[in-house]
Amino acid sequence: MRSIFSLIGKTILITGASSGIGKAVAQQCAAAGAICIITARNQSRLKHTLDSLEGEGHQMVVADLADLSSIERLSSELPKLNGVVCCAGVVEIKMLKFSEDDDLQQLFNTNAFSVIRLVRILVQQKRLHKESSIVIISSISGVKCGYLGGSIYGATKGALEGFIKATALELAPQKIRVNTIAPGMIETPLINDSIIDADQLEADKLRYPMKRYGLPEEVGYAVVYLLSDASCWITGISLLLDGGYTLN
Amino acid sequence: MDIKKFIEDFADQFDETELDEFKPETNYREDLDEWSSLIGLAILNMIDKKYGVKLTATDIKDTITIEDVFNLVVSKK
């Protein structure tokens, strides 16, 4: 019996798929039966992800989504899609008083503008089937809470939450759904080797009621749900995925 | 690099503590009541912005005095 949670027969574009959340999302989509088209900037790492995907027919496209012409080129090379998952993003820990216009530009470009442009161009070029699902990885930061040095990062994630509301309304006539997932801290390479040391990370984990950070594949499970027909009446929501962190 | 200027930049991240309390030999975590993890973050951000050196929390962990931090920055410049 085919499960309503299956992605069999669906072609899904996944951005930021060379590592961390994007890679795990691609793996879970493939495991659920989707044909994945994965994109990121780094060719060799992206190839690694491609090789790790279950099933046949997956493709990779190297692209830098911070650049508008790259998004246009990517979109023009795509087959018609049943879903898009925007995972590409960067984290910055910089207090507001030290941040500069360059930080604003760079973070908004990578985390927010690239997503908005990609969705816009996919809609303009009619690359999405009816009843498609768009899933954007947001964050609890900037939406439910913040972290020290995260004002600009939080602003980019807040922008994504704002973006989906009207977009979900505009795409509803085509039964295209638009949702975000707002994860708490996820174990990815982004959080290692930074301004935060290992002891601080361990202490931070204890602030989560579940006493650990999330795993990239756990974001993947939530993505699969929002891409599947099981969530066909869900649009315009932010799915909180934080091990209970924001309960406190 | 001039340690006097570095100490001024270091002290600038504090709101309450007077400049004359900052010496090269000051144990910045123990001797300065105002010290907090937020000021620690501000100092790492300041070093990145003004000295072009990105220190990680692990780098700075073994430093005790302000001069230790200064020497670390010099070594990484």
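**Exercise 1. Work out the handedness of the crossing of α3(A) and α4(A), then describe how the two helices pack.**

Step 1: the crossing of α3(A) and α4(A) is right-handed; a crossing gets that label if the near helix is turned clockwise from the far one by less than a right angle, and left-handed if anticlockwise. Helices here are DSSP runs of H or I with at least four residues, strands are runs of E with at least two, and both are numbered from the N terminus.

Step 2: α3 (residues 68-77) and α4 of chain A pack at about 35°, and their axes are 10 Å apart. Axes are lines fitted to C-alpha atoms, for helices over the stretch in contact, and angles run from 0 to 180 degrees between N-to-C directions.

Step 3: now the residues. Leu68(A), Ile71(A), Glu72(A) and Ser75(A) of α3(A) meet Ser114(A), Arg117(A), Leu118(A), Ile121(A) and Leu122(A) of α4(A), where contact asks for C-beta atoms, placed from the backbone, within 7 Å. By class that gives five nonpolar, two polar and two charged residues. Nonpolar covers Ala, Val, Leu, Ile, Met, Phe, Trp, Tyr, Cys and Pro, charged covers Asp, Glu, Lys and Arg, and the others, Gly among them, are polar.

A word on the ground rules: this is a predicted model, where local features need pLDDT of at least 70, side-chain atom pairs count only at pLDDT 80 or more, and totals for chains, interfaces and linings use all residues. Residues are numbered from 1 along each chain as its sequence is written, while chains are lettered from A and ligands numbered from 1 in the order in which they are written.

**Exercise 2. Find how α4(A) and α5(A) are packed.**

Step 1: α4 (residues 101-124) and α5 (residues 151-171) of chain A pack at about 20°, with axes 9 Å apart. That angle makes the pair roughly parallel; the label goes to angles under 35 degrees, with over 145 roughly antiparallel, 65 to 115 roughly perpendicular and the rest oblique.

Step 2: this crossing is right-handed.

Step 3: the contact of α4(A) with α5(A) has twelve nonpolar, three polar and two charged residues.

**Exercise 3. Now try α1(A) and α7(A).**

Step 1: α1 (residues 20-31) and α7 (residues 216-227) of chain A pack at about 50°, their axes 8 Å apart. The two are therefore oblique to each other.

Step 2: their crossing is right-handed.

**Exercise 4. Sketch each chain as a whole.**

Step 1: chain A has seven helices and seven strands, and its C-alpha atoms fill a box of roughly 45 × 40 × 40 Å along the principal axes.

Step 2: chain B has five helices and zero strands. Its C-alpha trace spans about 30 × 25 × 20 Å along the principal axes.

Step 3: chain B averages a pLDDT of 94, a score for the predictor's confidence in each residue, from 0 to 100.

**Exercise 5. Which elements of chain B give two or more residues to the side that touches chain A?**

Step 1: eleven residues of chain B are in contact with eleven of chain A.

Step 2: the elements are α3 (37-51) and α4 (57-61) of chain B. The largest share, seven residues, comes from α3(B).

Step 3: on that side of chain B, six residues are nonpolar, three polar and two charged.

Step 4: for the complex, the predictor gives an ipTM of 0.84 and a pTM of 0.93.

Definitions and conventions: Two residues are in contact if their C-beta atoms, placed from the backbone, lie within 7 Å.
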